[in-house]
Amino acid sequence: MRTVLRRPDFRLLFAAMVASMAAESILLLALAVWVKDLTGSDSMAGATVFAVIAPMAFAPLVGWAVDRYRRRPFFISANLVAAVLLGPLLTVRDRSDVWVIYLVAALYGLSSITVTAVLNGLIRNLVPADLLADANGALQTVRQGLRLVGPLAGAGIYAAVGGWLLVTLAMGGFVAAAAVVGLLRADESGPPPPPGRRWPSGVGDGLRHLARQPALRRALVGYGLGSLVMGFTESLIFAYVDLGLRRDAAFVGVLVMVQGIGGLLGGLLSAAVVRRLGELGALAAGVTFFGPAALALAYPRLWLGVVALLLAGVSLPLTMVGLHTLVQRWTPPGLLGRVTAASKALISGPQAVSIGTGALLVGVFDYRLLFVLVGAITTAAGLYLWRGRGLTAPGAGPARVPGPRRPLDDEMLATGHPPRTR
């Protein structure tokens, strides 16, 4: 991680993402709290999260648009647009304005997909292939650290001062991110990458690439399977605290902090795990770690719960770094926006469904039984990924994936095998 942070170009991008992620971390929970404050309804507050996730349906279209333009100016524009989109929140006064929060949340969700798709391309432009895992690990470490303090800080700012300061700070974070990347001199000489096929056929190229490339296909199937039940824990953790530990719901915040500490540790270790096990191996480790963590939570003992949540925290950055590095290394640059957006949609979709399903099931079945189910399925998904780790074993993957419209890329898309390095 220190090696990649010594690169001046990546340091600028890193600083920009710290500002952007800080804005995001203080905003999302506070929006739900804001709706709850205006309406008094838990369900309407929860709908705020759905509003952020719903635009995932447009991910292939977003990726297609991203691939038609150079990454750096697109990143700058996306962050400035995100700042502008938050402006209407300053007009919210009472319950009749809740629709404004939902609209802004949905537009922000669309903006988040865009920034993620552009970011993968920027990292590919700035960082050599052997440092991609370090770059992704550095960003995940910051993201996990912000999860420890950001949501609580955002909720605290809203409670103490009101939504106007929260919105202003978040807008400032996105503007700062755009300004810092404006100083970046990314190597994007020449015309922008060819977009491939025109609308509408070109929109599905990202999904086709994921389906044809064996390593990416296995990653999405295995992680998608795990995501179908991982979201259950969003509701199960409350039953665990209430029925298992016999503590107030506020104690969930303590357990979330424990998980965040595990996330920091996982972020620091993720690059080393990718170098040792390969991208699929790191993804498999992350998904598999979630299995015993869930199984341990089926037995309500505080010390065991702390260990389980530390393990669950470690799992998240391992999965994210493994997946992002895999996509970056095994995708031609001209397809990277579409593949990133498509992979994000294919993971977030099952997660959204599982969150809603878990909320329903916890009212019908014993939470311990559901934790066992989560543990069994995520362990099976992890083992499925582990069996395919040879596809991305260290040294087996491409050192670089050339730009689109070159013969090697056509061969890669047709055969599903990465081009040989030269």
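The model is predicted, so local features need pLDDT of at least 70 and side-chain atom pairs count only at pLDDT 80 or more, while totals for chains, interfaces and linings use all residues. Residues are numbered from 1 along each chain as its sequence is written, and side-chain values use heavy atoms, with hydrogens and water left out.

The structure holds six aromatic pairs (rings of Phe, Tyr and Trp, the last by its six-membered ring, with centres within 6.5 Å; planes under 30 degrees apart are stacked, over 60 edge-to-face, the rest tilted). One of them joins Trp 34 to Tyr 158 in a tilted arrangement, 5.7 Å centre to centre with 45 degrees between the planes. Because Trp 34 belongs to helix α2 (residues 8–39) and Tyr 158 to helix α7 (residues 132–160), this pair ties together parts that are 124 residues apart in sequence. Trp 34 is buried, at a relative accessible area of 5%, and Tyr 158 is buried at 11% (buried means under 20% relative accessible area with a 1.4 Å probe, protein chains only).

Tyr 108 and Phe 174 form another tilted pair, with 5.9 Å between centres and 45 degrees between planes. Here helix α6, which holds Tyr 108, is linked to helix α8 (residues 163–182), which holds Phe 174, across 66 residues. Both Tyr 108 and Phe 174 are buried.

Helix α6 (residues 98–126) also contains Arg 124, which is buried with a relative accessible area of 17%. A polar atom of the Arg 124 side chain lies 3.0 Å from the backbone oxygen of Thr 331.

Methods. Helices (H or I, at least four residues) and strands (E, at least two) are DSSP runs, numbered from the N terminus. Buried means under 20% relative accessible area, exposed over 50%, partly exposed in between (1.4 Å probe, protein chains only). A polar contact is a pair of N or O atoms within 3.5 Å; within protein, one must be able to donate a hydrogen and the other to accept it, and residues adjacent in sequence count only if both atoms are side-chain atoms.
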